[in-house]
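Please examine the structure shown below.

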Amino acid sequence: MTPHQLSRADARRIAVRAQMLDEPRQTDLLDVVRRVTMLQLDPTASVAPSADLVAWSRLGSAYDPQQLRQAVHDRTLIELGAILRPAEDIALYRAAMADWPGTGELKDWQVSLRDWVAANDATRREILELLRSSGPLPSRDMPDTCARPWQSTGWTNNKNITKLLDLMAQRGDVAVAGRSGRERLWDLAARVYPDDPVVPAEQARHIRNERRLAGLGIARAKAPISPVEPADVGDAGEPAVVDGVRGTWRVDPAHLGPSFRGRTALLSPFDRLIHERRRTLELFEFDYQLEMYKPAAKRRWGYYALPILYGDRLVGKLDAAADRTAGVLRVGAIHEDVPFDTATTSAVRAEIEDLAHWLGLDLVLPR
């Protein structure tokens, strides 16, 4: 098939439209999550929890975070690997769970995980029996009887039950049934996941690629491995070439052609529009890094800077923090990647005011 010829502006508008960041604003949370396919969970709430910021960016101040909590409670959204997904999508992951840690010739790290779980199989069975009799529990209520401790150079070292539960979730033994604050509550997967027919592995992979492309609009067939969610889409969609960008892309034909009506949006650092940094740089020519892990003196834009979308361009970053004790949203700086004209300044200011209103905080701007 002859690739579609796209300008960078075409590609950006496809991406923005696919992420439901154009006009008009959306009105239904579940429709948003089904379209963008996922909400990533992150404990940082410098402005607001990322999942809520993503929802607010699409829904505006009509969005109440309680809607998200209710969807999780009702299990129309289900947590899998620190990501909220529509309940009906869980069937697309069950075959991979059954094949854990993988099929064919396993890599060394897969063998290591398999052997570690096998060495602690008695503890795994104890956890399953405890959940079967007691219902949802946090990891702290499960005794650590692991025969072999988990070895890590990172923060998970010796966190045996936490690691075992994560791997049991990958196997499809257990699932996150909800949260108490930030703490996950675990239960048997059979009591959490819908009783939908399991989609065969290869078919499920193809559907996931198609769903991901529908949510991204345009993506690479192959992309660097992501620890959260793949950024590549295989052979989904149709080939496309973007002027000024090397290589071939895959584009969702459903996003070709419709007229584009842009708007202004403040984005979570974990928003799917900008999450794959290489794609963001190639299509939007926008340099961005989350700087919360950097020393303050080395930050260019702020601890938790929010990318600013204006139409089909990413034009700057908002350095802001919610001071809930003082009841204010403090804006440290509005970083302009390109000089704002009057219309951009007005639109960005209005969006910042709406953010403060949604948070129920007074706005404090830099002098």
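Q: Which residue in β4 is the bridge partner of Leu 77?
A: Pro 86 in β4 is the bridge partner of Leu 77. The model is predicted, so local features need pLDDT of at least 70 and side-chain atom pairs pLDDT 80 or more, whereas totals for chains, interfaces and linings use all residues. Residues are numbered from 1 along each chain as its sequence is written, and side-chain values use heavy atoms, without hydrogens and water.

Q: Why are β2 and β3 at the edges?
A: The open sheet has the order β2-β4-β3. β2 (39-40) and β3 (77-79) each have a single partner strand, so one side of each lacks a neighbour in the sheet.

Q: Why are α7 and α8 called roughly perpendicular?
A: Helix α7 (residues 121-134) and helix α8 (residues 160-171) pack at about 75°. Angles of 65 to 115 degrees count as roughly perpendicular, under 35 as roughly parallel, over 145 as roughly antiparallel and the rest as oblique. The pair is therefore roughly perpendicular. Angles run from 0 to 180 degrees between N-to-C directions, with axes fitted to C-alpha atoms, for helices over the stretch in contact.

Definitions and conventions:
Helices (H or I, at least four residues) and strands (E, at least two) are DSSP runs, numbered from the N terminus. Two strands pair if DSSP finds at least two bridges between them.
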